[in-house]
Amino acid sequence: MKLIALEEHFVTADLVGHGASTASIAQPHVWAEASRRLLDLNEERLAAMDAAGLDMQVLSLNSPGIQAETDPAAAVRQATTVNDFLAGVIAEHPDRFSGFAALPLQDPAAAADELERAVAQLGLRGALVNAHTHGTYLDDPALRVVWERAEHLDVPLYLHPANGVDAAHVFSGHPELVGPMWSWGLDTATHVLRLIFGGVFDDFPKAKLLLGHMGEGLPYVLWRLDSRWGFHAHHGIELKRERPSEYIRHNLYITTSGVCSSAPLLAALLSMGADHILFGTDYPFEDIETATQFLRTAPISDADRLKIGQQNAEKLLRLTPSSAYAGV
């Protein structure tokens with residue numbers, strides 16, 4: 001089995017400043033070490049992959065990426081530059097790296113065009129979106145053009161967390177809960193539900209959404225979502241697939257990134273099926289060796305292990321056994 005990992009982060013020297021809000025969450029020495037590794041795309045990263053037996057990383061710009069940029073025109077320029085840079089890194093190591101594009105969602109039409117350029121011309125495999133873009137979420141009508149293009153290109157969007165626009169009052173006095181410790185997962189899961197109830201997957205039924213961290217809790221509440229949808233006032237919203245769980249099982253794919261625990265993996269397998277689960281390490285914020293060893297020893301069938309570690313990524317990202325390790 002070859003191991004292909006999604007949600008593998010990097011940053012460029014020019015875009016380090018966009019990560020200041022994330023830096024404020026981490027312990028200073030931990031953030032300093034992660035920052036150093038984010039900038040490395042060759043020797044240390046490849047050595048860590050080799051040591052852990054990780055064959056390929058699907059690289060993506062670290063959160064919040066260019067979505068932190070306040071000037072739409074600058075965001076468009078930054079997206080072009082960083083996607084060209086990523087394509088160059090992949091060209092140097094085509095058997096070890098693939099990638100997701102960064103999109104200038106501040107300008108939806110430009111973002112759709114950049115997605116097409118990145119996929120059709122640069123060989124990238126979709127795009128990663130870091131939460132909201134200055135308070136605009138992916139269910140916003142203005143961003144339908146991006147979903148339309150992604151569906152047409154048959155590539156996924158990967159939804160990754162970032163700091164929220166604001167924090168709920170329940171977090172007041174407890175800043176330790178803000179960030180990947182807790183609030184990011186709630187925000188990201190809620191973002192997915194906005195897409196469902198906002199009609200995105202009714203408008204684009206073949207759209208594909210990737211979600212990290214073992215699904216941000218969503219695979220474990222499907223029965224409850226369906227039950228309460230039958231109870232709640234619908235406020236004029238009717239789902240073509242009738243139940244929220246149908247969208248999560250149909251349009252959503254999850255990765256194991258950042259969660260190396262058998263219990264949630266087994267629950268996700270029962271809830272979503274092996275065809276909708278892929279592997280990820282969340283490098284450099286988690287240890288590659290821990291992640292690869294977790295998948296290799298998890299109490300699942302070898303057939304499911306092969307799907308999660310390799311085959312689902314090859315299928316979803318069109319990384320065929322020949323192209324996945326011979327460049328794009």
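Visitor: Which element supplies the largest share of the lining of the second largest pocket?

Guide: This is a predicted model. The second largest pocket is lined by 17 residues, with His132, Tyr137, Gly164, Asp187 and Thr188 nearest its centre. Strand 5 (157-160) and helix 7 each give at least two residues to this lining. The largest share, six residues, comes from helix 7.

Visitor: How many residues of the lining of the second largest pocket are charged?

Guide: The space in the second largest pocket amounts to about 200 Å³. Its lining divides into seven nonpolar residues and seven polar ones, and the charged residues number three.

Visitor: Which element supplies the largest share of the lining of the largest pocket?

Guide: The largest pocket has a volume of about 880 Å³. Its lining draws at least two residues from each of strand 1 (4-10), helix 2 (28-39) and helix 7 (183-197). The largest share is four residues, and they come from helix 2.

Visitor: Turning to the aromatic pairs, why is the pair of Phe100 and Tyr158 tilted?

Guide: The structure holds five aromatic pairs. In the pair of Phe100 and Tyr158, the ring centres are 5.9 Å apart and the planes stand at 55°. Stacked pairs have planes under 30 degrees apart and edge-to-face pairs over 60. The angle of 55° therefore makes this pair tilted.

Visitor: How many residues apart in sequence are the parts that the pair of Phe100 and Tyr158 ties together?

Guide: Phe100 is buried at 1% relative accessibility, and Tyr158 is buried at 0%. Phe100 belongs to the loop between strand 3 (97-99) and helix 5 (108-120), and Tyr158 to strand 5, so the parts tied together are separated in sequence by 58 residues.

Visitor: Phe197 and Trp229 form an aromatic pair; is Phe197 buried, partly exposed or exposed?

Guide: The pair of Phe197 and Trp229 is tilted, at 4.7 Å centre to centre and 50° between the planes. Because Phe197 lies in helix 7 and Trp229 in helix 9 (residues 222-229), the pair ties together parts 32 residues apart in sequence. Trp229 has a relative accessibility of 11% and counts as buried. For Phe197 the relative accessibility is 24%, so this residue counts as partly exposed.

Methods. Residues are numbered from 1 along each chain as its sequence is written. This is a predicted model: local features need pLDDT of at least 70, side-chain atom pairs count only at pLDDT 80 or more; totals for chains, interfaces and linings use all residues. Side-chain values use heavy atoms; hydrogens and water are left out. On a 1 Å grid over the protein atoms alone, a cavity is a set of points where a 1.4 Å probe fits but cannot get out, and a pocket is an open set with protein on both sides within 12 Å along at least five of seven lines; lining residues have an atom within 4 Å of a point. Grid points are joined across faces, edges and corners, and a volume is the space filled by probe spheres set on the points. Ala, Val, Leu, Ile, Met, Phe, Trp, Tyr, Cys and Pro count as nonpolar, Asp, Glu, Lys and Arg as charged, and the others, Gly among them, as polar. Rings of Phe, Tyr and Trp (its six-membered ring) pair if their centres lie within 6.5 Å; planes under 30 degrees apart count as stacked, over 60 as edge-to-face and the rest as tilted. Buried means under 20% relative accessible area, exposed over 50%, partly exposed in between (1.4 Å probe, protein chains only).
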